[in-house]
Amino acid sequence: MPIRVLSEGLASRIAAGEVIERPASVVKELVENSLDAGATRVEVRVRDGGAKEVTVSDNGCGIAPGEIELAFERFATSKIDESSDLTGIRTLGFRGEALPSIASVAHVEAVSRAAGSDEAVRLELDYGRVKRRVAAGAPQGTTVRVEGLFKNVPARLKFMGSPGAELGRVHQLLNHLALVNPGVAFKLISDDEVRLASPGNGDRLAALAAVYGGKVAAAMLTIEGDNASAFSVSGLVSGLDLSRGNRSYITVAVNGRWVQNRRLSFALEQAYTGFLPERRFPVAVLDIRAPTDDVDVNVHPAKSEVRFLREDLVYSTIQRAVRGALTETGTVRAMQLPRQPTASTPARSGNGDSFGAAAYTGPAQRSFAVGATWPSLPAQPGATPQPDIKQEASKGPEHSPVAAAALGKPASPQKQVLPVLRVIGQAHATYIFAEGPDGVYMIDQHAAHERVIYEEIKAKVAAHAAESQPLMEPEAVELAPAQARAVEEQGAALSAAGFLVEPFGPRTVLLRAVPRLLASPGRDGRLGEWLVKLLDETSERAHAGAWQESLLNTMACHAAVRAGQKLSIEECRELIARLEMAEQPHTCPHGRPTLMHLPSGHLDRQFGRR
Ligand code: ADP
Ligand code: MG
């Protein structure tokens, strides 16, 4: 075929493919235009998941009557001009491609009345061609209705999902946009049913409550941005009691622009290492502020990707902010309490209300008890009991640190501390029972010991003071290629932890010393076997760069007492005393809980004392 320049219409349809993939991309482009127009109210209506109709109305600045045709021409934009610096863009749009792209693959009606104009103009376009232009009556703002999307591009039509799936995408998109723009009231109406309505009062926590519900909102911690520095992060992140099975509850914005960036969300997830069980993800809204000339948003036609000049700085800012929020607020996991009978939750009979039924039943059913946060280090045991969960919760969210911060008051700083605990005894050779000022605590001995050892050895490694125990007889250990590589690459981490390993033939090493912590008498002569196991488990767990962390983790796991091991009362006491000293006593290094709490108020109620 000879070389030809494509017609305007065909070129637009091809370009549309880059920007407009499905109804959700139409919604994204139209809503971004509304936001750029300064709208404070944005309403999105869809029919059949958007395949039949997408309508976006706003109360923004509108389009001047003489410019409405221009808005549908390619590369026509009011947001930048020849003199603009592409690195300093603050608007969401700037390519001037969205409206023409949408118009080339659908029937479009746009009605707009500009601020100061006393008449609206209505323009109708059919698959790229202007059909009609009439004067119309409408309030200030813009409404764009898109019907019959991709009717002229059958190949695209085939890639559309079911109405439910497309609606899901639109809904998720608006969730993210509502979270990022708390000052804008968003409404999503699908086939006449309201799916989302955010208040638009500028309060991010209120927006989050509208999107995910009040229970989730009550479990969030606030991150205050540091206005003084060029890079800062603000937003909301879930505390220890709340997690999700996938990443879709993570919202990240850069300078107010919602972005999808795997690496930014990874930085957030990394900050939760040790706080959440593996393969659980936080709920979060992060707004990253960075100098605009450090950010490139012109990477992708849909502008949802972003690149940073100083990427490392952005990641460390995120990690520091999130870690700070998590470690400042110690959250003791409350037990799944049996509900008081109400009309909607019929009373359970017999064992249903017993202690056994109250047991922790795994992460999926973990309760999101409001106010389960430990307020501060309680005074002496026996002093006035702390308010129990029920009372805390009944005070309402305005008393939670999050809500306080949301109301502009600084959250009172909370250290992750345990109350003073008195050991009662051990049950099932696995759990230690203890009494605190406000109820009974059940501690998983293995998880608690793991936490204690992990922090102790980590501190020693950091101080270059990990103790090493030389072996009476060095042990020759044969390694598989991957293990040999680990020893070679991670030699520094191994010796920092107290191992002395020397090369000894092509695939063999000589083990001369092990960390003191691991040198228990029962292991004599089997330490080599054990090193091999440790190398395997560590490599399996380690993400890039985290090998040493993973090694300490694995060592702690191996050195800790097992479930099923009988402990004397002294041993229990010693373990609890060391746990009280830990910086993050509430979870083991893998993020599982170390303890459960049965508030005394609950006991009293269950026994009919109040
Ligand atoms: P871009 O957003 O990249 O400028 P678009 O094709 O999305 O390109 O829009 C073209 C122009 O139309 C915008 O620059 C803006 O001037 C105008 N426009 C589009 N939608 C709206 C709206 N909802 N309110 C006000 N002006 C709008
Ligand atoms: Mg645009």
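**Exercises on a predicted model**

Leu-6, Leu-10 and Ile-14 make a nonpolar surface patch of about 260 Å². This is a predicted model, in which local features need pLDDT of at least 70 and side-chain atom pairs count only at pLDDT 80 or more, while totals for chains, interfaces and linings use all residues. Residues are numbered from 1 along each chain as its sequence is written, and side-chain values use heavy atoms, with hydrogens and water left out.

**Exercise 1.** State where Leu-6 is placed and whether Leu-6 is buried, partly exposed or exposed.

*Solution.* Begin with the place, which is the segment before α1 (8-19). Next take the relative accessible area of Leu-6, which is 46%; buried means under 20%, exposed over 50%, and partly exposed in between (1.4 Å probe, protein chains only). Leu-6 is therefore partly exposed.

**Exercise 2.** Describe the surroundings of Thr-594.

*Solution.* Locate Thr-594 in the loop between α18 (569-581) and β22 (595-599). With 1% relative accessibility, Thr-594 counts as buried. A polar atom of its side chain lies 2.5 Å from the backbone oxygen of Pro-585. Leaving out residues up to four places away in sequence, Thr-594 touches, among others, Met-442, Asp-444, Arg-451 and His-586, where contact means heavy atoms within 4.5 Å.

**Exercise 3.** Decide which stretch calls for caution.

*Solution.* Start from pLDDT, the predictor's confidence in each residue, from 0 to 100: the protein averages 80, and 81% of the residues score at least 70. Over residues 331-415, however, the pLDDT is below 50, although this stretch has 132 contacts in the model beyond near neighbours in sequence. Where pLDDT is low, the predicted coordinates should not be read in detail.

Technical notes:
Chains are lettered from A and ligands numbered from 1 in the order in which they are written. Patches are made of residues with over 30% relative accessible area and no salt bridge: like charges are joined within 9 Å, nonpolar side chains (Val, Leu, Ile, Met, Phe, Trp, Tyr) within 5 Å. Accessible areas come from the Shrake-Rupley method with a 1.4 Å probe; for residues, only the protein chains shown count as cover. A salt bridge is a side-chain nitrogen of Lys or Arg within 4 Å of a carboxyl oxygen of Asp or Glu. Helices (H or I, at least four residues) and strands (E, at least two) are DSSP runs, numbered from the N terminus. A polar contact is a pair of N or O atoms within 3.5 Å; within protein, one must be able to donate a hydrogen and the other to accept it, and residues adjacent in sequence count only if both atoms are side-chain atoms.
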